[in-house]
Amino acid sequence: MFVIVAKYLIPKGYRGLTLFPFVFIKYRFDSDDKVVVNHEKIHLRQQLELLVLPFFVWYFLEYAVRLLQYKNANLAYRNISFEREAYANERQLDYLKTRPFFSFLNYLREDRK
């Protein structure tokens, strides 16, 4: 994992972005924030499981579906299965040690509003 501080690459309202094998963070102090880093590490694992490119195809297709469903960009983003898994487990710093393969699938059906 390579952590790069890139203030202007990260969209407004977000603190990090993962593009395997890189983790881009908005502010240098977030590189020491274990929760932010763990959230992004969860995305690294998801990207590896789906062999990177299919992850991004799925991510944007699911975002489009959620946008139609919720008609709200933030709700759509928060309800993408990959994000739901990462947010639900970002504070469990040992989560990736016991995480089963394709765990994001468990987050497809539940709606979080």
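User: Which residues does His43 touch, not counting residues up to four places away in sequence?

Analyst: Contact means heavy atoms within 4.5 Å. By that criterion, His43 touches Thr18, Phe82, Glu83 and Ala86, with residues up to four places away in sequence not counted. This is a predicted model, in which local features need pLDDT of at least 70 and side-chain atom pairs count only at pLDDT 80 or more, while totals for chains, interfaces and linings use all residues. Residues are numbered from 1 along each chain as its sequence is written, and side-chain values use heavy atoms, with hydrogens and water left out.

User: In which element does His43 lie, and is His43 buried or exposed?

Analyst: Helices (H or I, at least four residues) and strands (E, at least two) are DSSP runs, numbered from the N terminus. His43 belongs to helix α1, residues 34-49. Buried means under 20% relative accessible area, exposed over 50%, and partly exposed in between (1.4 Å probe, protein chains only). His43 counts as buried because its relative accessibility is 5%.

User: How is the sheet to be read, and in what order do its strands stand?

Analyst: Strands of a sheet pair through backbone hydrogen bonds, either parallel or antiparallel. The criterion for pairing is that DSSP finds at least two bridges between two strands. Here 3 strands form an open sheet in the order β1-β3-β2, with mixed pairing. β1 and β2 stand at the edges with a single partner strand each, so one side of each has no neighbour in the sheet. α1 packs on this sheet and touches β2 and β3; its direction makes about 25° with that of β2. Such angles run from 0 to 180 degrees between N-to-C directions, and axes are lines fitted to C-alpha atoms, for helices over the stretch in contact.

User: How many bridges join β1 to β3, and how many join β2 to β3?

Analyst: Strand β1 (residues 2-5) runs parallel to β3 (residues 22-25), and 4 bridges join them; Ile4 stands opposite Phe24 of β3. Strand β2 (residues 16-19) runs antiparallel to β3, also with 4 bridges. Leu19 has Phe22 as its bridge partner in β3, and the hairpin of β2 and β3 has 2 residues between the strands.

User: How do the axes of α2 and α4 cross?

Analyst: Two packed helices are described by the angle between their axes and the distance between the axes. The axes of α2 (residues 53-70) and α4 come within 9 Å and cross at roughly 95°. The two helices are therefore roughly perpendicular to each other; that class covers 65 to 115 degrees, whereas angles under 35 degrees count as roughly parallel, over 145 as roughly antiparallel and the rest as oblique. Phe55, Trp58, Tyr59 and Glu62 of α2 meet Ser81, Phe82 and Glu83 of α4.

User: Which side chain makes a polar contact with Glu90, and which with Asp33?

Analyst: A polar contact is a pair of N or O atoms within 3.5 Å; within protein, one must be able to donate a hydrogen and the other to accept it, and residues adjacent in sequence count only if both atoms are side-chain atoms. The side chains of Glu90 and His39 are joined by such a contact of 2.9 Å. Glu90 is placed in the loop between α4 (81-89) and α5 (95-98), and counts as buried at 14% relative accessibility. The side chain of Asp33 has a polar contact of 3.2 Å with that of Arg15. Asp33 is found in the loop between β3 and α1 and is partly exposed, with a relative accessible area of 25%.
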